[in-house]
Structures are given as C-alpha cells and as structure tokens.
Amino acid sequence: MTIKVFLELVEIRTKLASLFPYAVGLLFSWYYFEQVNLENMVLFFAAMLSFDMATTAINNLMDYKKAHDNEYQTATNIVGSANLDVRHVSKLIYGMIAFSSLIGLILTYRTSLLLLAMGGLCFLIGIFYTFGPIPLSRMPLGEVFSGVTMGFGIFFITIYLNIAHLDILVLELQSGYFGIYGNIVQLVVVLWASLPLIFTIANIMLANNLCDMDQDIKNHRYTLPFYIGRQNGIRLFNILIYGCYVTVFIGIFFGIYHWAMLVVFLTLPKIRKNTQSFTKKQIKSQTFSVSIKNLVIFNGAQILGLILSIILK
C-alpha cells in the first residue's frame with residue numbers, strides 16, 4: 001500500500017473535522033480557564049488523529065463489504081478501486097486503534113479514571129459508527145453521533161486534559177461506591193462553547209448524506225434525509241450553520257466569550273453564499289465541499305477570535 005493510497009483510505013482531507021475541535025478546545029481552555037498542559041496536548045493530538053484515521057478506514061472497509069452496487073464496490077470505494085487486501089486493511093486498523101488506546105491509557109494515568117470512561121465511550125461510538133450488523137452511520141443517527149462525539153467529545157476531552165486538576169468534573173471512588181460531581185456552571189459553559197463545532201461537523205455528515213441519498217438507498221443505507229425528506233434535510237443544514245452565529249452572539253452576551261469573538265460575523269456573507277449554493281443543488285462533486293468550507297471558515301474565525309481574546313484579556 002502506497003502512502004497516497006493510505007491517505008485516501010483514511011481520507012486525510014476530512015481530518016479537519018477533528019482538528020478544529022482540538023484547536024478550538026485548546027484555545028478556549030487557554031482563554032476561559034487560563035490553563036494549558038502541553039504534554040497532554042501533544043499526546044492527545046497523536047491519539048485523536050490515529051483513532052480518527054482508524055474509524056474512517058473502518059467506514060471504507062465496511063462500505064466495501066456491504067455494498068450492493070457493484071460499480072460502487074469496484075470503482076468508487078478505495079478498497080476495491082486500489083485492489084487492497086481486506087486482511088491487510090484490517091491489521092492496519094487494529095494497529096491504529098491499539099496505538100491510540102495505549103496513549104489513552106497514558107493520559108488516564110496522568111489525569112484520572114474519568115478520562116478512561118469518556119475516552120472509552122468515544123471509542124465505542126467511533127467504532128460502531130461504521131462497524132457491526134447495523135452501523136450508526138446507516139441509521140438516521142449519523143449526524144447526531146458524529147456531531148456530538150467529535151464536536152463535543154474531542155472539545156471537552158481537550159479542555160479536560162488541560163484543567164483536570166481544577167475539579168470541574170470529578171469521579172470519586174470510595175468503599176465500593178462511585179460518584180460523579182462537578183461545577184454545573186462551568187460544564188454548561190463548555191457545552192455551550194461546543195455547539196458551533198457540533199453544528200458544523202454534523203453538517204458535513206448531513207451534506208454527505210443529502211448528496212449520496214439516491215446511491216445510499218441503492219446500497220440499503222437509510223440515513224436521516226431518507227426519513228425526513230430532502231427538503232427538510234436542506235432546511236436543517238441551513239438551521240445548523242446559522243445557529244452557530246446565534247450561539248456565539250448569546251455566548252458573548254452572557255460573558256462566555258470576549259467581545260473579540262464578534263470577528264466570526266465577518267464570515268457571514270461568505271457562508272451565506274456557500275449555503276445558498278448547497279441549497280440549490282446537492283451534488284457530491286460540486287457542492288458537498290460547501291459543508292467543509294463552512295466548517296473551515298467559521299471555525300477558523302473562532303480560532304482567530306479566541307487568539308484575539310487571549311491577547312486582549
């Protein structure tokens with residue numbers, strides 16, 4: 001397997017969906033909590049990227065195995081078009097998961113068992129998102145699980161690895177009992193700050209499913225657009241992207257963000273133009289990239305806004 005084929009198998013171009021929650025989480029931890037643990041950040045970055053690549057490879061492998069459309073299996077899917085050995089691909093996936101699991105255990109040792117629970121849940125969702133007799137991605141739940149797991153999960157874990165010692169969320173073990181307690185206000189703040197990430201990441205899955213709707217039906221993949229209809233799916237796409245601006249505005253009003261975060265509103269004309277383009281037609285080769293462009297533009301502006309916030313604060 002060449003490096004080019006490997007990068008296509010793991011769809012390296014889509015890794016922005018996990019890099020942005022990491023970057024925004026790191027900067028938000030720096031701005032809001034004034035805490036950064038560089039060693040934990042380096043370790044988590046390696047684990048996160050490895051596991052993200054593994055789940056994408058699982059997705060391509062399972063789509064190849066379960067495909068009912070011969071043209072898709074042999075010409076479209078990378079496993080078939082590159083004539084890859086299924087066993088070799090499986091071993092590669094196991095290796096990436098083992099690597100990320102090892103780093104996860106190291107980070108658990110450096111923080112607390114609570115990270116093991118959070119990371120384990122993200123692992124389960126990530127693996128069964130595409131693996132098993134009825135993967136989550138083949139159900140009308142893909143947008144929810146991808147958005148929440150990556151948009152909130154990666155964002156929260158990134159912050160937690162920087163502020164574990166502040167006890168905003170604590171797992172307590174004593175005499176055979178366990179309990180979880182934390183700071184409700186700060187947890188709500190973190191949840192609220194994750195919403196734009198959840199929305200933009202969910203929109204990538206939604207755009208993909210809208211573009212692939214006819215092909216998915218042929219391959220017995222009944223995603224969210226199949227159940228709610230194409231037009232409602234397009235409306236949801238619009239609601240999610242514009243909801244990002246509402247979230248930031250409310251966050252500034254309640255003091256979650258610095259006023260410097262108003263910089264994100266400079267992206268509104270471009271994102272509005274992109275969204276109108278996708279609303280008119282949902283063609284994979286022409287307009288699917290709109291969802292990725294919107295994610296990059298909006299979250300790139302979030303990063304800029306947080307950097308300005310740190311400087312001005």
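## Terms and basis

Helices (H or I, at least four residues) and strands (E, at least two) are DSSP runs, numbered from the N terminus. This is a predicted model, in which local features need pLDDT of at least 70 and side-chain atom pairs count only at pLDDT 80 or more, while totals for chains, interfaces and linings use all residues. Residues are numbered from 1 along each chain as its sequence is written, and side-chain values use heavy atoms, with hydrogens and water left out.

## The chain as a whole

The chain has 15 helices and two strands. Its radius of gyration, taken over C-alpha atoms, is 20 Å, close to the 20 Å that the globule rule (2.2 Å times the number of residues to the power 0.38) gives for 313 residues, so the chain is as compact as a globular protein of that length. Along its principal axes, the C-alpha trace spans about 55 × 50 × 35 Å.

Of the 313 residues, 51% are buried, where buried means under 20% relative accessible area, exposed means over 50%, and partly exposed lies in between (1.4 Å probe, protein chains only). If contact is taken as heavy atoms within 4.5 Å, residues 24 or more positions apart account for 76% of the contacts with a separation of 6 or more. The chain exposes about 15,400 Å², and carbon and sulfur atoms supply 67% of that area; accessible areas come from the Shrake-Rupley method with a 1.4 Å probe, and for residues only the protein chains shown count as cover.

## Annotated transmembrane regions

The UniProt record, an unreviewed entry, carries the annotation "transmembrane region" for several stretches, among them residues 16–33, 144–163 and 239–269. UniProt positions are given in the numbering used here, feature names are shortened, and annotations may be inferred rather than shown by experiment.

Two of these stretches can be described from the model. Residues 144–163 are 100% helix and 0% strand, with end C-alpha atoms 27 Å apart. Over residues 239–269, by contrast, the chain is 55% helix and 0% strand, and the end C-alpha atoms lie 16 Å apart.

Helix H2 covers residues 16–33, and its 18 residues should span 26 Å at 1.5 Å a residue; the end C-alpha atoms are 25 Å apart, which agrees. The expected span used here is 1.5 Å times one less than the number of residues. The buried residues of H2 include Phe-20, Pro-21, Tyr-22, Phe-28 and Tyr-31, and the buried residues of this helix pack against helix H3 (38–66), helix H8 (142–163), helix H9 (184–211) and helix H15 (289–312).

In the loop between helix H1 (3–9) and H2 is Glu-11, which has a positive phi of about 50° although it is not a glycine. Glu-11 counts as buried, at 18% relative accessibility. H2 is followed by Glu-34, in the loop between H2 and H3. Phi of Glu-34 is near 55°, again a positive value in a residue other than glycine, but Glu-34 counts as exposed, at 54% relative accessibility.

## Helix H12

Helix H12 (residues 230–253) has 24 residues and reaches 35 Å from its first C-alpha to its last, close to the 34 Å expected at 1.5 Å a residue. A kink of about 25° is centred on Gly-243, where the bend at a residue is the angle between axes fitted to the seven residues ending there and the seven starting there. After H12 comes Gly-255, whose phi is positive, near 80°.

## Selected residues and distances

Asn-209 lies in helix H9 and is buried, with a relative accessible area of 1%. Leaving out residues up to four places away in sequence, Asn-209 touches Glu-143, Asp-216, Thr-223 and Pro-225. Val-188 is also found in helix H9, but is partly exposed, with a relative accessible area of 48%.

Which residue is 6.9 Å from Tyr-222 in space, C-alpha to C-alpha? That residue is Pro-140, 82 residues from Tyr-222 in sequence. Tyr-222 is found in the loop between helix H10 (213–218) and helix H11 (224–228), and counts as partly exposed at 29% relative accessibility. Gln-276, in helix H13 (residues 268–280), has its C-alpha atom 8.7 Å from that of Asn-238, 38 residues away along the chain.
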